[in-house]
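Biologist: I would like to go through this protein step by step. Please show me the model.

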Amino acid sequence: MPLLLIPAYFIVRILHGLAVYRRMCRDYGETADWYSAFSTSGGDVYFAASAYRAAVDRDGTGSSARFLTMGEGERQIALWFGLEGTVAISERSSNNLLRMYRFLKADHSLRLHIMHCQPAQMYVDLCEHLLSFRQFDFLTMLRLCYGGVLSRELAAPLVPEDVGETVEQFFCEKGLRPNRTVVLAPYAYCMEMLPAEQWGRLAASLESRGFSVCTNCSGGERPIPGTVAVSIPYRYMPGFLERAGYLIALRSGLVDATHTASCKRIILYPKKNFNMWGVGTPMDCFSLKKMGLRDDAVELEYGYGGADELYSLIWRAVETWT
């Protein structure tokens, strides 16, 4: 891009963000207060939704408050928490709205509340650079960014009244075995993924041990060969995992959103990753144990010992399952 076009490109994005904000004011009122994680990550939105009511109470915004999400999928997470006034806008609109907010931050008439730590469209990511320093994990960072509203126990999402019936229907339609099904979750946006062949080897071994195996898929994601594809809405996923009994997942927002489910879980973390958070590894930042979400999770790092070593570590944990 020619150098002179850079400021023009920046201005275009700011102007678009301003147009988005004006449209929101027109559609929902000038006095609406907007709370958003400004993120496509299911985990980020899950924590923001869990802190939303406490943040509204702290700020005294009451009936003027609205939750804003980046897309319909993230809106479904907010609705899972009973946030009926939630509005979804596109990722482009959300990014440019955030850029506009940062550009005009001195203008306090902008009624935007950021429920995250400095997303990519902001300035220096100070908190993210501090992650892993002296046990500064992801949830601790969010508690700091939310102004302490997550110092209490996390607000829980609603349990659908039809969860039992719906989960049983999933199992019947897919031919899965209750209490003997392993859910594989091999996809993540921010983590270095394992080759499908490694997941396939694991799936075959699990089936030989008497488990039925399914792959959690969304969008254009493909199931691991030899497994059943499932696409479970967030609000039913904890119930689905409890009925299945077992989860093996690459660390992702799904792991955050299902941390309350009572099941055996193995969570995988790359030691080296294309996204870096602070001074440590992804496990240092996002460990369920360090974040205080699950003391019983088996958490494994991969990347240095090769596929055979990782397989052995996973299988050692699987052999403890009854």
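**Reading the model**

Biologist: Is Leu 247 buried or exposed?
Modeller: Buried means under 20% relative accessible area, exposed over 50%, and partly exposed in between (1.4 Å probe, protein chains only). The relative accessibility of Leu 247 is 2%, so Leu 247 counts as buried.

Biologist: What should I know about the source?
Modeller: This is a predicted model, where local features need pLDDT of at least 70, side-chain atom pairs count only at pLDDT 80 or more, and totals for chains, interfaces and linings use all residues. Residues are numbered from 1 along each chain as its sequence is written, and side-chain values use heavy atoms, with hydrogens and water left out.

Biologist: Where is Leu 247 found?
Modeller: Helices (H or I, at least four residues) and strands (E, at least two) are DSSP runs, numbered from the N terminus. Leu 247 is found in strand E8.

Biologist: Which residues is Leu 247 in contact with, leaving aside its neighbours within four places in sequence?
Modeller: Contact means heavy atoms within 4.5 Å. With those neighbours left aside, the partners of Leu 247 are Val 183, Ala 185, Leu 241, Thr 258, Cys 263, Lys 264, Arg 265 and Ile 266.

Biologist: How many helices and strands does the chain have, and how compact is it?
Modeller: The chain has 12 helices and 10 strands. Its radius of gyration is 21 Å, close to the 20 Å that the globule rule gives for 322 residues. That radius is taken over C-alpha atoms, and the rule is 2.2 Å times the number of residues to the power 0.38. So the chain is as compact as a globular protein of that length.

Biologist: Which residues of the largest nonpolar core touch the most other members?
Modeller: A nonpolar core is a set of buried Ala, Val, Leu, Ile, Met, Phe, Trp, Tyr and Cys residues joined through side-chain atoms within 4.5 Å. The largest one has 87 residues. Those that touch the most other members are Phe 47, Phe 67, Leu 184, Leu 206, Phe 240, Ile 248 and Leu 268.

Biologist: Which helix gives the most to this core?
Modeller: The helix in question spans residues 42-59 and gives 10 residues. It is H2.

Biologist: What is the reach of helix H12 from its first C-alpha to its last?
Modeller: H12 covers residues 306-318, 13 residues in total.

Biologist: Where is Phe 38, and what is its phi?
Modeller: Phe 38 sits in the loop between strand E1 and H2. With 5% relative accessibility, Phe 38 counts as buried. Although Phe 38 is not a glycine, its phi is positive, about 50°.

Definitions and conventions: Expected span 1.5 Å × (residues − 1).
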